[in-house]
Amino acid sequence: MIKAAYTFGANDGELFLYVTLPAAFPYILVAARAALAGSFTTLIAAEMTGATIGLGARIQIASGAARIDIVMMGIITIGILGFIFDQLLLFVEKQLTKWK
């Protein structure tokens, strides 16, 4: 596709905008979904170790107090939030990459 674009007279800016970026965009969005999962996990872990407020801290405090109901609700909440964020990014990916 790059050679075809050059053959039809595309300059470097047009090549990037109309060939390279659309070809790479689906992979960029997949990487964003993976990065979201990693950042969400890191956020919860950081709250569990060094925060006094937040979902991770609430789970950690409830764990120390043997409140399994709060711990399980926190874990379920984390799962639901992760699923919602993943589905949101998947929806955005489908909307922005209709040519795929």
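T97 is located in the segment after α4. In this predicted model, T97 is buried, because its relative accessible area of 5% is under the 20% cut-off. The T97 side chain reaches the backbone oxygen of E93 at 2.4 Å. With neighbours within four places in sequence left aside, T97 is in contact with F25, P26 and L29.

The largest nonpolar core has 6 residues in all, namely F40, I44, I59, A62, V71 and I78. Two or more residues of this core come from each of the elements α2 (12-50), α3 (55-64) and α4 (68-96).

The UniProt record, an unreviewed entry, places the feature "transmembrane region" at residues 15-36, 43-64 and 70-92.

| Span | Helix | Strand | Distance between end C-alpha atoms |
|---|---|---|---|
| Residues 15-36 | 100% helix | 0% strand | 29 Å |
| Residues 70-92 | 100% helix | 0% strand | 33 Å |

Y6 belongs to helix α1, which covers residues 2-7. Y6 is partly exposed, because its relative accessible area of 41% falls between the 20% and 50% cut-offs. Not counting residues up to four places away in sequence, Y6 touches D12 and L15.

Technical notes: Residues numbered from 1 in each chain as written. Predicted model: local features only at pLDDT ≥ 70, side-chain atom pairs only at ≥ 80, totals over all residues. Heavy atoms only, no water. Helix = DSSP H or I, 4+ residues; strand = E, 2+ residues; numbered from the N terminus. Buried < 20%, exposed > 50% of the residue type's maximum accessible area, 1.4 Å probe, protein only. Contact = heavy atoms within 4.5 Å. Core = buried A, V, L, I, M, F, W, Y, C linked by side-chain atoms within 4.5 Å. UniProt positions renumbered as here; feature names shortened; annotations may be inferred. Polar contact = N/O pair within 3.5 Å; in protein donor to acceptor, adjacent residues only side chain to side chain.
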